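Biologist: Please put the model up, and then I will ask about a few side chains.

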Amino acid sequence: MKTFKLEGTPRETVGKKASKELRKKSLIPAVLYGREPVELPYKGTLNPGEKIVEIGDNKGIVVADFTVSTEGVRKLIYSPDIYLVEIDIKGSRTVKAILKDSQYHPVSDNILHIDFLEVFDGKPIVMEVPVFLTGHAVGVKAGGKLNQSMRKLKVKGLAVNIPEKLDIDVEHLELGKAIKVGELEFENIEVISPKNAVVCIVKMTRASQSAAATATAGK
């Protein structure tokens, strides 16, 4: 997986009014969520912009509020690729993270808010990875049409093992046949999308149905 470098600045104030003022300056409010729970009461030292959010059972997670520039995240947000994001929060720390969520204005489609999830070495993460179909299906050669139902699959694994894309060979796929999630296996990662979900299928077309009927009648 590619690495995307991003610079951030700790937020001094939070809330709707403060966020609105930031967006006027082409800055986007962002939050980094830690994945490692900490014991409460927390006795460690927090960096600028960080706070502890309680999650129950006397545990909490470290959450960092910061800002990023609109231009700085453009290639990260508006990209079909997936990235491991290396965030340098000035005056605080540098962390590895993945993009968790992003919110957009309903009219202008401008980015309003971004959430990141911190990545730790040796700890698996869950990501959606783009799917690419390879090969020329035999069913297509017979007149069928290949239909891709899923453009991404949700996988679980270490960040170093998650690929930029998942290649699925459809060469063997016959007319009317499909590939389901449960049939797929990839090295060092686990596919956790619903096993019965159809990834792709070669659908019968009128031409292929007519050819099949003609072949049957000729026997």
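Biologist: Which residue's backbone oxygen lies 2.9 Å from a polar atom of the side chain of serine 19?

Modeller: The model is predicted, so to speak of local features pLDDT must be at least 70, side-chain atom pairs count only at pLDDT 80 or more, and totals for chains, interfaces and linings use all residues. Residues are numbered from 1 along each chain as its sequence is written, and side-chain values use heavy atoms, with hydrogens and water left out. Serine 19 is placed in helix H1 (residues 16–24); helices are DSSP runs of H or I with at least four residues, strands are runs of E with at least two, and both are numbered from the N terminus. The backbone oxygen at 2.9 Å from its side chain belongs to glycine 15.

Biologist: Is serine 19 buried or exposed?

Modeller: Buried means under 20% relative accessible area, exposed over 50%, and partly exposed in between (1.4 Å probe, protein chains only). Serine 19 has a relative accessible area of 9%, so serine 19 is buried.

Biologist: How are the rings of phenylalanine 4 and tyrosine 83 arranged as a pair?

Modeller: Rings of Phe, Tyr and Trp (its six-membered ring) pair if their centres lie within 6.5 Å; planes under 30 degrees apart are stacked, over 60 edge-to-face, and the rest tilted. Here the centres are 5.5 Å apart and the planes stand at 65°, so phenylalanine 4 and tyrosine 83 are edge-to-face.

Biologist: Which strand holds tyrosine 83?

Modeller: The pair links distant parts of the chain, 79 residues apart. Phenylalanine 4 is in strand S1 (residues 2–10), and tyrosine 83 is in strand S6 (residues 83–89).

Terms used:
A polar contact is a pair of N or O atoms within 3.5 Å; within protein, one must be able to donate a hydrogen and the other to accept it, and residues adjacent in sequence count only if both atoms are side-chain atoms.
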